[in-house]
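This report goes through a few helices and the residues on and under their surfaces. The sequence and the model come first.

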Amino acid sequence: MMKLLQSVSWSCKPTWKKSSVNTLWCLLGCSIGDFGTILYFQINQIAFPLIWIMTLAIINGLITSIMLETFILSRQMHLRDAFKTAIGMSLFSMIAMELAMNIVDVVFAGGILVWWVIPLMLIAGFLTPLPYNYFRLKKYGLACH
């Protein structure tokens, strides 16, 4: 594993830029479903275990991210191909992003969505998958856009 990581140049600015843009698009899609789910339970004061709310938030974040990616890609290719590409994105990266965001929310705000925790969630959600997305783009040329 170390040899694989060392075989990639980690100082390529264009790759960092491209992987950052890709990660931001994913973050936008994931955040819509994630924040929406947490907010829905919070506003409606639904008594549901926190672990299940966060699990639903992760699932909904993945769904909205795939939907957003499909929409974006559909402007570049046929809808069917756009959906296949969006589904083929790195679930590992998206799940890591979602977990980071929800862990920050639980640790800092007890799982309640408050304005001041959102920037922390977004920073964690962006930084967590970024090195993996860079590596994947640099090593294999794989990106979702």
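In which helix does Ser 19 lie? Ser 19 belongs to helix α2. The model is a predicted one, and the values below are computed from it.

Apart from residues up to four places away in sequence, Ser 19 touches Leu 130, Asn 133, Tyr 134 and Leu 137.

Leu 122 is part of helix α6. Its relative accessibility is 29%, so Leu 122 counts as partly exposed. With residues up to four places away in sequence left out, the contacts of Leu 122 are Leu 27, Ser 31 and Phe 35. Leu 122 and Met 77 are 45 residues apart along the chain, and 29 Å separates their C-alpha atoms.

Val 107 sits in helix α5. Val 107 counts as exposed because its relative accessibility is 60%, and the cut-off for exposed is over 50%.

| Residue | Relative accessibility | Class |
|---|---|---|
| Leu 122 | 29% | partly exposed |
| Val 107 | 60% | exposed |

**The nonpolar patch**

Val 107 is also one of the residues in a nonpolar surface patch. Helix α5, residues 91–109, supplies the largest share of the patch, with six residues.

**Helix α6 and its cover**

Helix α6 spans residues 117–127, and its buried residues are Val 117, Met 121, Ala 124, Gly 125 and Phe 126. An α-helix has 3.6 residues a turn, so residues three or four places apart point the same way. The buried residues of α6 are covered by elements including α2 (13–43), α5 and α7 (130–140).

**How α5 and α6 meet**

Two packed helices are described by the angle between their axes and the distance between the axes. For α5 and α6, the axes come within 8 Å and cross at roughly 150°. The crossing of α5 past α6 is right-handed.

Which residues of α6 meet α5? They are Val 117, Leu 120, Met 121, Ala 124 and Gly 125. On the α5 side, the residues are Met 97, Ala 100, Met 101, Asn 102, Val 104, Asp 105, Phe 108 and Ala 109.

Definitions and conventions:
Residues are numbered from 1 along each chain as its sequence is written. This is a predicted model: local features need pLDDT of at least 70, side-chain atom pairs count only at pLDDT 80 or more; totals for chains, interfaces and linings use all residues. Side-chain values use heavy atoms; hydrogens and water are left out. Patches are made of residues with over 30% relative accessible area and no salt bridge: like charges are joined within 9 Å, nonpolar side chains (Val, Leu, Ile, Met, Phe, Trp, Tyr) within 5 Å. Accessible areas come from the Shrake-Rupley method with a 1.4 Å probe; for residues, only the protein chains shown count as cover. A salt bridge is a side-chain nitrogen of Lys or Arg within 4 Å of a carboxyl oxygen of Asp or Glu. Helices (H or I, at least four residues) and strands (E, at least two) are DSSP runs, numbered from the N terminus. Buried means under 20% relative accessible area, exposed over 50%, partly exposed in between (1.4 Å probe, protein chains only). Contact means heavy atoms within 4.5 Å. Axes are lines fitted to C-alpha atoms, for helices over the stretch in contact, and angles run from 0 to 180 degrees between N-to-C directions. A crossing is left-handed if the near helix is turned anticlockwise from the far one by less than a right angle, and right-handed if clockwise.
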